[in-house]
Amino acid sequence: MYTGPENSYLKQPRGLKSWLLTLDHKRIGVMYLTAIMFFFLVGGLLAVLMRVELSSPARDVVSAELYNRLFTLHGAIMIFMFIIPSIPAAIGNFVLPLMIGAKDVAFPRLNLASWYIYVVGSLIAVASILQGGVDTGWTFYTPYSTSTNSAVITLTFGAFVLGFSSIFTGLNFIVTIHKMRAPGMTWFKMPLMVWGLYATAIIQVLATPVLGITLVLLIFERLFGIGIFDPAMGGDPVLYQHFFWFYSHPAVYIMILPGMAIISELIATFSHKRIFGYKAIAFSSLGIALVSFLVWGHHMFTSGQSELAAMIFSFLTFLVGIPSGIKIFNWVATMYRGSISLKTPMLYAIAFLLLFTIGGLTGIFLGTLAVDVHLHDTYFIVAHFHYVMMGGTVMALLGGIHYWWPKMWGKMYNETWGRITAVLVFVGFNVAFFTQFIMGSQGMPRRYYSYPDQFAFLHEVSSVGAYILGFGFLIMVIYLIHSLYRGKPAARNPWGALTMEWEAASPPTTHNFDKDMKLEHGPYDFDRVEVEDEEMVKA
Amino acid sequence: MDTVSFPWLPSAASTTAADVDALFNFILFAGLAFFLIVTAGVIAFVLRHRRRGKAGLTYGKDHSLALEITWTVIPVILIVIVFVWGFKGYMRMNVVPHGALEIKVTAQKWFWTFDHPDGANAVNELVVPVGKPVKLLMSSADVIHSFFVPNFRVKMDVLPNRYTVTWFEATAEGVYPLYCAEYCGKGHSEMLAAVRVVSDSSYQAWLNANSVMGAGLTLEQYGAQLYTTKACVTCHSLDGTAKDGPSFKGRFGTEILLSDGSRLLMDENYMRESILDPRAKMANGFQPVMPTFQGILKDRQIDALIAYIKSLNQK
Ligand code: HEM
Ligand SMILES: [Cu+2]
């Protein structure tokens with residue numbers, strides 16, 4: 001199976017125990033990757049089951065109670081166990097130290113602890129299924145969540161624990177980026193991936209505690225009958241929404257910023273071009289991170305909050321929208337006069353550009369007060385956040401997985417199957433979710449398990465899209481696993497990139513580099529430095 | 001006033017809808033332009049700058065002040081337009097005109113009750129006159145719900161222990177679907193109602209008919225009407241199948257098993273108690289999901305429903 005250097009991190013040291021107690025950021029990254037992909041698959045299967053139910057207006061395949069549990073679990077798994085840890089903890093853990101020429105992260109033990117906390121948190125959350133599941137939606141809105149007799153405490157406690165793993169990763173990355181960069185790598189010589197992870201880490205550390213506190217308050221209310229959110233006990237249910245979105249809105253940037261970070265790398269490498277507007281991209285990540293704390297109220301335009309508050313939140317929402325738009329222009333401009341190679345990672349990057357643009361633009365409808373009133377809590381929202389999270393972050397993640405796959409495993413995946421799958425995923429995704437924009441505009445509310453006949457056709461088409469998407473993922477699982485056994489051995493720098501991780505062996509040795517690293521050229525100096533891509537190891 | 005709206009949106013039937021639609025279309029077309037520029041750029045660059053052979057050194061220019069100012073300033077201008085326009089529309093939706101007809105809306109799992117000024121009330125059907133502003137004073141008896149009428153472009157959450165207010169003025173007679181838009185549990189997708197917009201005279205007639213409580217009908221006939229209009233039908237079938245509650249078919253006068261194991265004769269008093277305090281004695285095998293109809297049904301209406309349920313045995 002394996003052909004890399006003798007002392008590769010995959011081989012040294014040996015044995016299960018050496019993995020379970022490893023302090024190596026690469027192994028921890030790989031362990032995270034395995035775990036999140038597992039949950040992505042589970043979440044995906046739940047989604048397909050929902051789409052089966054929704055493929056006709058009749059109440060046939062599952063009961064209302066089960067449907068409500070499905071979308072809650074699907075949402076909670078996708079958010080807390082998949083997308084939040086996905087890029088930072090899995091890809092970031094693997095590549096961040098390599099990219100800055102370091103031997104590891106600043107706190108390797110904290111890093112391992114974060115993985116275990118992640119596993120424990122996930123197990124607690126999954127245990128809620130054994131208690132009959134939860135039917136509140138991943139948002140746990142009060143007073144529904146304080147009055148339902150489902151396993152709310154278990155699932156929220158799981159999310160609470162998962163929060164710590166996110167905080168630990170964030171802390172670790174902040175210190176690593178400040179302290180461990182190779183000599184010569186000034187802030188503006190860092191790859192944009194590092195800037196993106198840095199901005200993400202700030203939000204992880206500052207916002208996650210608020211969610212933790214909110215969920216604990218919810219648990220206290222249920223366990224001890226303290227009236228905080230439940231009006232029956234003198235609480236305020238809208239207060240819960242403020243607390244929840246104070247975390248969860250910044251959290252959507254925990255989800256998207258790392259995706260943007262990967263896209264900067266992919267577009268530069270596969271266009272073989274100096275990135276356009278480096279500083280604009282770097283600073284807009286930080287800007288987005290900071291302003292993202294001030295826009296939570298846009299989830300509550302119909303909650304009866306004051307008109308003044310609504311106006312301010314609408315304004316600030318647009319303010320975060322602008323830097324995202326600018327980034328898109330920068331990426332497109334980077335492709336100008338490049339030398340563009342349409343390898344699988346680049347196909348995902350292009351998919352990201354188109355889908356994230358749609359996701360972002362539909363966000364303008366939702367930030368606009370008068371229009372949001374109509375669209376709020378309909379399928380328009382469902383389509384919007386899937387375009388951003390799946391069309392944005394997941395496309396970037398898939399691009400990143402293919403991009404760093406040779407580095408992680410020392411093997412090349414099959415390019416033809418990679419490209420076919422990328423097209424299938426793109427088509428399936430659009431069929432599944434574009435239809436939902438139309439349904440939502442027509443008034444189809446979300447979280448409905450049966451619906452009026454007028455929506456039947458679009459729902460059916462949407463389900464077909466989901467099946468195509470699911471089929472695409474199935475192929476991906478097959479060719480990726482196949483490549484581990486039969487893939488051709490990968491070269492050190494298969495894509496001709498200029499960032500430091502490509503100077504390490506494929507797969508890297510346990511200590512990453514066999515020399516002390518020093519920055520010799522900028523991450524995107526394609527106008528100055530000759531690099532060649534040699535995909536496979538020359539025999 | 002008839003408005004042309006984009007085919008994606010449901011037909012517009014309120015005075016505020018046209019403005020929302022115009023703004024929706026403005027964002028749609030501005031967004032479409034933006035999307036086409038991005039797509040065209042991607043396609044053009046991929047076609048023109050596709051790698052052939054070795055990559056070599058590439059063009060090094062990585063900023064352009066003019067370009068960057070252009071693509072910041074134009075979106076900012078568009079955004080400011082959209083923001084101001086959206087805010088104005090929102091204020092119009094939130095400021096209730098003077099002299100609006102006030103209707104009290106109560107949401108609960110999983111139906112709507114509408115109380116009109118002079119005592120008429122209805123479940124799951126909001127009857128309003130065309131061309132008159134209607135103010136809705138809303139509250140919930142349990143969890144959060146949300147009042148959503150797509151054709152009016154109106155949505156407002158309905159909260160327990162707090163009133164929220166919204167208003168609309170219907171512009172065309174007709175029946176428009178009303179959805180619950182805030183997830184509220186098992187019956188969320190069945191929490192459907194309708195807004196029936198009628199002429200002013202029909203509205204007056206409806207008010208009369210509903211405040212005189214079935215005058216001219218027998219108790220049984222009136223009960224049969226209430227069985228559907230007060231939403232008993234959602235949970236109680238007439239054909240013997242158990243839904244969320246027991247079927248009414250042949251149930252009167254039988255001995256029923258309660259959830260505490262005891263048995264009881266289904267008589268008039270048990271029925272009355274079940275309507276006013278449904279959780280007092282639960283039938284075995286059912287969840288305590290039925291809401292109380294205390295305050296919603298008047299005595300004569302309870303009498304009518306009991307008469308109707310009794311009549312089901314004779315058929
Ligand atoms: C395999 C592709 C996917 C399909 C077919 C799918 C389908 C669905 C469906 C049918 C719903 C329920 C909508 C409703 O009833 O309101 C839903 C909700 C949701 N999905 Fe997905 N989804 C997919 C991938 C994802 C991904 C990748 C994420 C995030 C990373 C995600 C996050 C969510 C969230 C947060 C909700 C809301 C749950 C709630 O309402 O509480 N989904 N999805
Ligand atoms: Cu509801």
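Helices (H or I, at least four residues) and strands (E, at least two) are DSSP runs, numbered from the N terminus. This is a predicted model, in which local features need pLDDT of at least 70, side-chain atom pairs count only at pLDDT 80 or more, and totals for chains, interfaces and linings use all residues. Residues are numbered from 1 along each chain as its sequence is written, chains are lettered from A in the order in which they are written, and side-chain values use heavy atoms, without hydrogens or water.

## The two chains

Chain A has 15 helices and zero strands. Its radius of gyration is 23 Å, close to the 24 Å that the globule rule gives for 539 residues, so chain A is as compact as a globular protein of that length. The radius is taken over C-alpha atoms, and the globule rule is 2.2 Å times the number of residues to the power 0.38.

Chain B has six helices and 12 strands. Its radius of gyration is 28 Å, well over the 20 Å that the rule gives for 315 residues, so chain B is more spread out than a compact globule.

| Chain | C-alpha span along principal axes |
|---|---|
| Chain A | roughly 70 × 45 × 45 Å |
| Chain B | about 90 × 50 × 35 Å |

## Backbone features of chain A

A cis peptide bond joins Thr142(A) and Pro143(A), with omega about -5°. Pro143(A) sits in the loop between helix H4 (108–130) and helix H5 (144–147) of chain A. The peptide bond from Ser506(A) to Pro507(A) is also cis, with omega near -10°. Pro507(A) lies in the segment after helix H15 (456–486) of chain A.

Arg337(A) is not a glycine, yet its phi is positive, at about 55°. This residue is in the loop between helix H10 (307–335) and helix H11 (344–367) of chain A.

## Cavities

A cavity is a set of points, on a 1 Å grid over the protein atoms alone, where a 1.4 Å probe fits but cannot get out; a pocket is an open set with protein on both sides within 12 Å along at least five of seven lines; lining residues have an atom within 4 Å of a point. Grid points are joined across faces, edges and corners, and a volume is the space filled by probe spheres set on the points.

There are five cavities of 30 Å³ or more. The largest cavity holds about 130 Å³ of space. It is lined by 17 residues, and those nearest its centre are Phe80(A), Ile84(A), Leu162(A), Ser165(A) and Ser166(A). Helix H3 (64–99), helix H6 (152–179) and helix H7 (192–224) of chain A each give two or more residues to this lining. H6(A) gives the most, with six residues.

By class, the lining of the largest cavity has 11 nonpolar, six polar and no charged residues. Ala, Val, Leu, Ile, Met, Phe, Trp, Tyr, Cys and Pro count as nonpolar, Asp, Glu, Lys and Arg as charged, and the others, Gly among them, as polar.

## The second largest pocket

The second largest pocket holds about 1000 Å³ of space. Its lining has 45 residues, and the closest to its centre are Cys235(B), His236(B), Asp244(B), Gly245(B) and Met290(B). Helix H5 (268–276) and helix H6 (299–314) of chain B are the elements that give two or more residues to the lining. H5(B) gives the most, with four. By class, the lining has 29 nonpolar, six polar and 10 charged residues.

Two strands pair if DSSP finds at least two bridges between them. Axes are lines fitted to C-alpha atoms, for helices over the stretch in contact, and angles run from 0 to 180 degrees between N-to-C directions.

One open sheet has five strands in the order S3-S2-S1-S5-S8 (chain B), with mixed pairing. Strand S3 (121–123) and strand S8 (164–169) of chain B are at the edges with a single partner strand each, so one side of each lacks a neighbour in the sheet. The twist from one strand to the next averages 25°. Strand S5 (residues 133–140) of chain B and S8(B) run antiparallel, joined by six bridges. Leu136(B) has Thr166(B) as its bridge partner in S8(B).

Another open sheet of five strands has the order S4-S10-S9-S6-S7 (chain B), again with mixed pairing. Its edge strands are strand S4 (125–129) and strand S7 (154–158) of chain B, each pairing on one side only. Neighbouring strands here are turned by 20° against each other on average, direction ignored. S4(B) pairs with strand S10 (residues 193–198) of chain B in the parallel sense, over five bridges. Pro129(B) has Val198(B) as its bridge partner in S10(B).

Helix H3 (residues 200–211) of chain B lies across S4 and S10 of chain B, and runs at about 135° to S4(B). Contact here means heavy atoms within 4.5 Å.
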